[in-house]
Structure formats: structure tokens, C-alpha cells
Amino acid sequence: DGNIWDCYMNHYGGLYWEDMVAEGVDQYWAKLGWDQEGWDEGGNDPDTEDMYWSDLSEEQKEAAHQLCFFDLSWDWVKLPCWSQPQLCED
């Protein structure tokens with residue numbers, strides 16, 4: 001299903017803002033500090049882009065959940081490390 005792919009695999013990152021409006025997910029990206037101009041044209045990333053999951057507010061975490069993020073995926077932890085963190089220790 002395309003919606004599952006868009007959410008879990010790319011978190012709607014491959015869509016233009018107007019497409020996210022049509023999908024009903026723009027509101028969640030907006031809670032994370034994004035707007036149409038920043039999303040479509042780039043170059044003006046919100047502060048949340050440099051934040052770890054633990055630094056997000058509860059409202060931001062809920063918005064991220066709606067975009068199929070959770071702590072490990074938000075923090076860009078490599079997939080093999082999700083179940084075996086010892087593989088990724090420095």
C-alpha cells in the first residue's frame with residue numbers, strides 16, 4: 001500500500017507540501033516547524049531537524065508518531081542496531 005510506504009519508509013519526504021495537504025499529514029510536519037516554503041524549496045530547516053527524540057516536546061513527538069517516526073527512527077539509528085545495539089557501539 002502506498003500510504004504505508006510513504007509513512008514508514010520515507011515519512012512523506014518524497015512529497016510536495018500540497019500532496020501532504022491532500023494526504024492530511026501537513027499538520028504534523030507543521031508541528032515540527034515545517035511550512036510549505038521551507039519544505040518545497042529547502043534551505044530553511046526547522047530546529048527540530050537537529051534535535052534528538054529526547055529533546056522534542058510531547059506535542060512534537062505525537063506529530064512525529066503520526067508520520068511513523070519513533071525514537072530510533074527519528075534519531076536515524078541504523079536498522080541492525082534496533083535489535084542488537086551492541087553491533088553499533090563505538
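A search of the whole structure turns up two disulfides, a disulfide being a pair of cysteine sulfur atoms within 2.5 Å. Before meeting them, please note that this is a predicted model, in which local features need pLDDT of at least 70 and side-chain atom pairs count only at pLDDT 80 or more, while totals for chains, interfaces and linings use all residues. Residues are numbered from 1 along each chain as its sequence is written, and side-chain values use heavy atoms, with hydrogens and water left out.

## The disulfides

| Pair | S to S distance | Angle about the S-S bond | Handedness |
|---|---|---|---|
| Cys 7 and Cys 68 | 1.7 Å | 100° | right-handed |
| Cys 81 and Cys 88 | 1.3 Å | -70° | left-handed |

Where do the partners Cys 7 and Cys 68 sit? Cys 7 is in helix H1, whereas Cys 68 is in the loop between H5 and helix H6 (71–74); the pair links distant parts of the chain, 61 residues apart. Helices here are DSSP runs of H or I with at least four residues, strands are runs of E with at least two, and both are numbered from the N terminus. Cys 7 and Cys 68 are both buried. That word stands for under 20% relative accessible area, with exposed meaning over 50% and partly exposed in between (1.4 Å probe, protein chains only).

In the other pair, Cys 81 is buried because its relative accessible area is 9%. Cys 88, with 34%, is partly exposed.

## The chain as a whole

How many helices and strands does the protein chain have? There are seven helices and zero strands, so from the N terminus on the elements run α-α-α-α-α-α-α. The C-alpha atoms fill a box of roughly 40 × 30 × 25 Å, taken along the principal axes. Of the 90 residues in the protein chain, 32% are buried.

The accessible surface of the protein chain is about 6300 Å², and carbon and sulfur atoms own 47% of that. Such areas come from the Shrake-Rupley method with a 1.4 Å probe; for residues, only the protein chains shown count as cover. Among contacts (heavy atoms within 4.5 Å) with a separation of 6 or more, 35% are between residues 24 or more positions apart.

The structure holds one salt bridge, which is defined as a side-chain nitrogen of Lys or Arg within 4 Å of a carboxyl oxygen of Asp or Glu. Side chains of opposite charge can pair when their charged atoms come close. Here the partners are Lys 61 and Glu 58, with their closest N and O atoms 3.7 Å apart. Both lie in helix H5 (residues 58–66), three residues apart, about one turn of the helix.

Is Lys 61 buried or exposed? Lys 61 counts as buried because its relative accessibility is 16%. Glu 58, on the other hand, counts as exposed at 61%. Leaving aside residues up to four places away in sequence, Lys 61 touches Trp 53, Ser 54 and Leu 56.

## A nonpolar patch

Which residues make the nonpolar surface patch of about 510 Å²? They are Ile 4, Trp 5, Tyr 8 and Met 9. Patches are made of residues with over 30% relative accessible area and no salt bridge, joining like charges within 9 Å and nonpolar side chains (Val, Leu, Ile, Met, Phe, Trp, Tyr) within 5 Å. Ile 4 is found in helix H1 (residues 2–9), and counts as exposed because its relative accessibility is 52%.
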